[in-house]
Amino acid sequence: MNWLIDNILLVVLFLPTLGALILLCLPGSKSRLLLWTALGISLIPLAFTVVMLLRFNYSAEGYQFMADYQWYAAIQSSLKLGVDGISLPMVLLTTLLTPLAVLASFKISQNLKAYLILFLLLETGSLGVFVSLDLLMFFVFWEVGLVPMYFLINQWGGENRNYASLKFILFTMTGSLGLLLATQLIGVVSGTYDLVQVVAKWNALDQPLFGIPIATVKTIAFWAFAIAFAVKVPIWPFHTWLPDAHTEAPTAGSMILAGVLLKLGAYGFLRFVLPFFPEQSAHFAGALAILATLAIVLGAFGAYGQKDFKRLVAYSSINHMGMVVLAIAAAAAAAGTPDAASAVNGSVLLMFSHGVAAAGMFFLVGVIYDQTHTRDLTRLGGFWQKTPVYGGILIFTSMAALGLPGLSGFVSEFLIVSGSLPVFTVLTAVAMLGLLFTGLYTLKAIRDVLHGPFNVEWAGHLNDISKRETAVMVPLMLFMIGLGIWPRLLLDIINAAVKHIF
Amino acid sequence: MTWINDLPILTIMLAVPLLFAVAILCLPAGSKNAPRWLALAGGGFLFLLSTIVFFVFDKSTPGYQFVDTFNWLPALGISYRVGVDGISAPMVFLTGIVLLSGIVVSWKIEDRPREFFSYILFLGVSVAGVFSSLDVFQLFFFLEIAVFPKYLMIVMWGWPQKKEYGGMKLTLYLFLGSMLALAGILAVVSKAGINSFDITQLLGVKLDVGVQKLWFPFVFIGFAILGGLFPFYNWAPDGHVAAPTAVSMLLAGVEMKVGVFAALRLGIRLMPEGAKFWAPLIIVLATINIVYGAFLALVQKDFKYIIGFSSVSHMGFVLLGFASLNADGLLGAGMQMFSHGVMTALFFAIVGMVYDRTHTRDLEQLGGMSRKMPLAALGFIVAGLVSMGMPGFSGFVSEFPIFMGTWQAAPVAAIVAVIGVVITAAYILRTIGNVFFGAFPAEKLGEVSDIPWRDKVIVIGLSIILIAMGIFPSLIAPVIEQGTSSVLALLGGM
């Protein structure tokens with residue numbers, strides 16, 4: 001038991017990989033066995049995450065559940081793990097969404113074994129990003145997650161999957177090149193990849209590097225990091241891969257993509273960019289805030305203009321993640337003030353609540369698509385009468401995404417706006433106008449799907465949401481309402497880290 | 001395990017397979033089964049002993065290990081002298097892996113199996129001989145003797161459309177390279193003035209800096225031609241494509257390493273001052289190798305040419321690591337030599353498996369092979385991810401230190417070389433998509449069978465090595481560090 005507590009992050013991180021190996025040994029034809037095994041295994045990291053939440057020390061500074069394992073001593077890199085109040089909610093998000101994604105995949109018939117293995121590997125990749133305290137390990141996990149997602153889109157995606165998967169991986173890999181180079185540079189200059197030491201050593205640099213003034217080197221490295229994370233978030237104008245990837249990805253893939261993978265970029269800003277480059281972050285915060293505001297406004301317009309239900313939800317992710325980045329920019333500009341703390345608290349909470357809501361929305365799109373095989377909003381309509389439970393859940397989830405008071409989105413957006421408004425008054429005001437359009441496209445989606453005349457094409461073969469599908473939505477809805485009513489559930493943990501860092 | 005250290009293990013490792021090769025030639029013409037079983041025994045023996053050499057190798061003791069000498073021509077200072085250090089021990093192991101894999105995937109060779117299996121053993125032994133030679137003359141002896149089975153195998157069992165051209169081109173380039181290197185090394189040995197070809201003794205001689213600067217490019221570039229250095233890389237893709245599968249595996253997997261390995265052992269180690277003087281040029285050429293090689297691979301339509309050019313690109317990383325002349329770069333180069341050797345052997349093995357079944361390597365003609373040969377597809381994906389430098393696979397843990405070393409030596413080269421990584425991703429994903437996924441063109445390709453269990457064993461085995469090295473780089477890195485530390489000492493503790 002003690003061993004387990006001492007190595008709890010290692011166990012959480014690699015249990016999915018172990019599960020993938022177990023699945024590899026099971027017969028590929030027994031689909032029920034594969035599904036239940038994958039589901040069972042993916043619940044264990046969730047249980048351990050709950051254990052960590054219960055044992056988390058709210059008053060301690062720094063990282064908890066730390067552990068250090070030998071990895072690549074020759075270049076001073078080790079598998080150093082630990083979580084704080086910013087990363088633990090992200091770990092919870094990942095371990096929560098993975099079993100739900102598996103549960104959402106019970107209708108997959110083609111090559112189910114490989115499909116489930118990829119999901120479990122994806123979980124290890126994403127968790128690794130959140131729990132690594134070694135810059136090189138962080139990069140390893142950052143890239144490792146790409147491969148399963150690429151194949152999930154490429155093999156189980158829609159008609160245009162080759163294009164979408166290639167665009168996804170080439171955008172992200174190209175965006176990460178600067179990150180790769182900057183990681184190497186920082187490692188070479190600092191002589192270590194240990195996050196805590198790197199922050200100290202890198203910030204202490206004041207001599208020119210390679211004959212270039214240190215400020216210039218840091219500015220270039222800052223942009224290298226920022227672009228890699230901006231592509232992943234994605235921030236306008238690096239977002240064009242996202243609607244394509246979402247449209248083509250299988251339902252569960254979209255859930256993880258929107259729920260977890262987009263958070264990796266925002267997390268990167270909080271964990272690396274702000275601590276490594278405080279001056280550059282403050283200096284360029286305005287530019288970042290402008291891009292974020294553009295993402296909010298244009299993302300909302302983009303969503304409103306879509307005829308494809310799934311593309312609409314994809315653009316809404318750009319819209320919401322823009323809010324997260326706006327808060328991060330405000331925190332960078334006003335580091336050390338209560339405004340910054342409020343903004344970061346809001347952004348981490350929004351990352352979580354958007355993760356839950358977006359995963360739910362993508363799943364609900366998938367529920368309709370499984371029955372109608374179309375996502376064309378002009379061909380849907382009037383479904384509420386035929387599928388009342390589904391209709392209720394869809395409205396509930398959309399409202400959580402929209403930020404209706406009482407549901408999870410509201411508290412986080414309120415914190416973000418109250419933190420950003422004093423820092424970027426005009427931009428925040430524009431962003432709030434963008435929120436108006438968020439309401440517009442959300443209502444449009446609800447109208448097109450649930451209201452209006454019923455398309456007789458679907459008469460007779462439209463069933464309400466099934467028990468299994470409801471089981472996917474219930475935990476998500478519990479979080480939406482739980483965080484809406486009692487935000488301290490997560491805010492206490494988040495704030496425990498934020499008050500020390502920002 | 002001291003009793004192992006007392007055995008002349010390297011000599012046994014070279015001699016026994018050689019006897020098998022000779023024995024195979026003595027079999028009656030037309031015998032089919034005996035040659036392949038004897039070759040398997042000989043190759044398996046070399047593999048087994050190379051494994052022992054790698055794992056028993058003591059990382060904490062500096063210098064050469066398993067040394068075994070015999071005074072052959074004392075008057076000329078030439079002796080038989082074998083031994084390995086941390087750089088050559090993994091290379092010997094690699095030779096064992098690739099040779100055994102090559103023999104297994106060639107199991108069904110119908111055309112003159114007696115000669116084929118004998119020559120492939122000759123080739124394996126001569127390559128292992130280069131890696132374990134501690135005498136300049138002996139090293140050249142093994143290097144040149146390898147040309148004979150290589151050339152014969154390409155022109156006899158190669159791809160009919162290109163075999164004469166490819167075989168000739170490869171042989172002439174390699175002759176050019178080794179002549180340059182020989183001229184350089186003879187000059188160096190005579191300048192050293194100790195009447196000995198013993199590498200360990202030559203290392204003790206401080207050569208005049210002018211001499212080093214003059215002769216270093218002969219030795220280094222001469223050998224690097226064998227490793228596909230720009231602009232002398234052109235033999236490699238043509239040679240690889242013309243060669244039969246097993247020879248492609250050995251050529252790209254270990255023969256190219258022979259070139260760069262000798263460039264390190266006789267070039268950089270004997271002439272560290274020359275290396276420092278010429279390093280900027282090599283960095284430029286190696287960077288061109290990486291980026292230009294990747295671009296050339298991107299525009300190929302022939303499946304095998306893609307892999308051929310990818311080797312040119314990846315060997316550029318090895319040369320870049322060498323030219324950085326620091327701990328990180330040399331470590332990465334050592335890792336990359338091993339990683340690329342296993343990876344490219346796996347690539348060529350699978351290219352051969354696909355070609356044997358479809359009789360085409362044209363990306364336009366192929367498709368959907370993952371449904372017919374799922375394990376081969378998986379193996380190709382693993383090798384592809386290694387090639388892309390994806391973390392979790394051996395390519396990443398090799399290329400990353402090379403980049404770190406390059407940052408210290410020439411930051412601009414690191415920034416340029418990274419372009420190669422994206423291009424590699426593009427051509428690898430394109431190849432995987434075109435060959436293994438999509439619709440299977442049944443009307444063009446007809447019936448395609450899955451690969452036999454022998455081939456599956458090889459695909460799984462090589463894949464496991466690549467993944468294990470990627471996840472646990474410290475399985476091999478400390479061994480290589482033992483080798484690079486002595487190079488660093490010669491370079492003046494950089």
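How many helices and strands does chain A have? In this predicted model, where local features need pLDDT of at least 70, side-chain atom pairs count only at pLDDT 80 or more, and totals for chains, interfaces and linings use all residues, residues are numbered from 1 along each chain as its sequence is written. Chains are lettered from A and ligands numbered from 1 in the order in which they are written.

Chain A has 21 helices and two strands (DSSP runs numbered from the N terminus; helices are H or I of at least four residues, strands E of at least two). Its radius of gyration, taken over C-alpha atoms, is 22 Å, close to the 23 Å from the globule rule for 502 residues, so chain A is as compact as a globular protein of that length. The rule is 2.2 Å times the number of residues to the power 0.38. The C-alpha trace of chain A spans about 75 × 55 × 45 Å along its principal axes. Of the 502 residues, 60% count as buried (20 or more other C-beta atoms within 10 Å of the residue's own, with C-beta atoms placed from the backbone).

Mean pLDDT (the predictor's confidence in each residue, from 0 to 100) is 88 for chain A, and 100% of its residues reach 70 or more. Within chain A, confidence is lowest in helix H16 (residues 383-386), at a mean of 82, and highest in helix H4 (residues 87-103), at 93.

The contact between the chains takes 25 residues from chain A and 27 from chain B (C-beta atoms, placed from the backbone, within 7 Å). On the chain B side, H19(B) gives the most, with 10 residues.

Key:
A residue is buried if 20 or more other C-beta atoms lie within 10 Å of its own, exposed if 12 or fewer, and partly exposed in between; C-beta atoms are placed from the backbone. Two residues are in contact if their C-beta atoms, placed from the backbone, lie within 7 Å.
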